[in-house]
Amino acid sequence: NSAIIKDSQGHKMKLKTKMSFKTFYTLTGAGYNYTVGKNPDGYGVAIFKDEQVIATFNKYGSGFVNDRYNVDCANEKDVAMVAAIVIAVDNISDKNKKAYFNVLSAIL
């Protein structure tokens with residue numbers, strides 16, 4: 001339920017699942033305050049840095065062969081971190097789905 005992300009300065013941060021109404025993930029470490037949650041302006045998911053939206057994204061397409069996302073990043077300097085967060089969120093989501101189907105198949 002978590003992933004490690006390293007920033008451009010080499011600081012390691014941990015992205016982990018958080019169950020709440022508005023927040024899906026939190027990124028902790030290295031003095032950053034990132035969260036991933038519902039997009040307050042509409043469809044999709046938003047990435048927040050210090051409670052300000054820095055990017056939004058949503059998955060599109062079938063997702064059976066590959067994962068595709070629409071990503072809108074507000075500031076060019078945040079692109080690398082936004083890409084890392086989207087990839088980490090996708091990896092966590094894939095692992096959670098795999099675990100769910102393993103439990104479901106064991107029950108059936």
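User: Which pattern does the protein follow, read along the sequence?

Analyst: Helices (H or I, at least four residues) and strands (E, at least two) are DSSP runs, numbered from the N terminus. Here the pattern is β-β-β-β-β-β-β-α, with one helix and seven strands. This is a predicted model: local features need pLDDT of at least 70, side-chain atom pairs count only at pLDDT 80 or more, and totals for chains, interfaces and linings use all residues. Residues are numbered from 1 along each chain as its sequence is written, and side-chain values use heavy atoms, with hydrogens and water left out.

User: What share of the residues is buried?

Analyst: Buried means under 20% relative accessible area (1.4 Å probe, protein chains only). Of the 108 residues in the protein, 28% are buried.

User: Which residues have the most contacts inside the largest nonpolar core?

Analyst: In soluble globular proteins, nonpolar side chains tend to be buried together. A nonpolar core is a set of buried Ala, Val, Leu, Ile, Met, Phe, Trp, Tyr and Cys residues joined through side-chain atoms within 4.5 Å. The largest one here has 20 residues, and Ile5, Leu15, Leu27, Val36, Ile47 and Ile85 have the most contacts inside it. Elements that each supply at least two residues include strand E1 (2–6) and helix H1 (79–107); H1 gives the most, with seven.

User: Is Asn58 buried or exposed?

Analyst: Asn58, in strand E6 (residues 52–60), is buried, with a relative accessible area of 19%. Contact means heavy atoms within 4.5 Å. Not counting residues up to four places away in sequence, Asn58 touches Tyr43, Gly44, Arg68, Tyr69 and Asn70.

Technical notes: Buried < 20%, exposed > 50% of the residue type's maximum accessible area, 1.4 Å probe, protein only.
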